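User: I would like to work through this structure step by step. Please begin with any term that I shall need.

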Amino acid sequence: NLSICDKKGNNTRASNSVYNGMKDNKFFILSIISIIISYIIDIIDYIVLHELTHGLFYKIFTHKKLTFGLKLTCAYCGVPDIYSKKWPMFISAIAPLVIYSIISIVGIILLPTVDAKLLAILFFSIHVGGCIGDIYSCILLLKYPKDVLVQDTGAKQTFFVKEENLK
């Protein structure tokens, strides 16, 4: 037992459970910190995998040299030296959303514990949020005519439409 003083200066006795509670609290804080660090590493790994998925589909459709990079606001993969057609560009842009959404949803359904399901739902939410630029690109592509060409330099995409299609 530990001896401590109350506000009046009287000695009181505290059980070891107070001390053990402090040790448990430190363990809890360290556990939370390690979970956060692990999750940050997982998110970075996912970002790399997401961009590599774009790269795989770009490579399948174009057979050209890819560029990868990181800016303050985004990670990117592009094929800057060519003009891509609408549907190869659309498929390359939407591929990570489709593939990793399916994997996430299957994981959410099949994971055995509520905690694991909640982590999978958190990952899925971050994943969809990270795909917002891809979703926006696909919406733009759907608005343009079938002969639109796209130059994707990575963080920037430029759409080229024939003048007669602008009328």
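Analyst: Helices and strands are here DSSP runs, numbered from the N terminus, a helix having at least four residues and a strand at least two. The model under discussion is predicted.

User: Which element gives the largest share of the lining of the largest pocket?

Analyst: The lining of the largest pocket receives at least two residues from each of α1 (16-62), β3 (67-70), β4 (75-85), α2 (86-110), α3 (114-130) and α4 (132-143). The pocket is lined by 33 residues. Of these, 10 residues, the largest share, come from α1.

User: How many residues of the lining of the largest pocket are charged?

Analyst: Glu-51, Cys-74, Ala-75, Tyr-76 and Gly-130 are the lining residues nearest the pocket's centre. Across the lining, 19 residues are nonpolar and 11 are polar, and the number that are charged is three.

User: What is the volume of the largest pocket?

Analyst: The pocket in question is the one lined by 33 residues. Its volume is about 670 Å³.

User: Which residue stands opposite Val-150 in β6?

Analyst: Strand β5 (residues 149-152) pairs with β4 in the antiparallel sense over three bridges, and there Val-150 is the bridge partner of Ser-84. β5 also runs antiparallel to β6 (residues 157-160), to which four bridges join it. In β6, the residue opposite Val-150 is Phe-159.

User: Which residue in the hairpin of β5 and β6 takes a positive phi?

Analyst: The hairpin has four residues between its strands. With a phi near 125°, the residue is Gly-154.

How values were computed:
Residues are numbered from 1 along each chain as its sequence is written. This is a predicted model: local features need pLDDT of at least 70, side-chain atom pairs count only at pLDDT 80 or more; totals for chains, interfaces and linings use all residues. Side-chain values use heavy atoms; hydrogens and water are left out. On a 1 Å grid over the protein atoms alone, a cavity is a set of points where a 1.4 Å probe fits but cannot get out, and a pocket is an open set with protein on both sides within 12 Å along at least five of seven lines; lining residues have an atom within 4 Å of a point. Grid points are joined across faces, edges and corners, and a volume is the space filled by probe spheres set on the points. Ala, Val, Leu, Ile, Met, Phe, Trp, Tyr, Cys and Pro count as nonpolar, Asp, Glu, Lys and Arg as charged, and the others, Gly among them, as polar. Two strands pair if DSSP finds at least two bridges between them.
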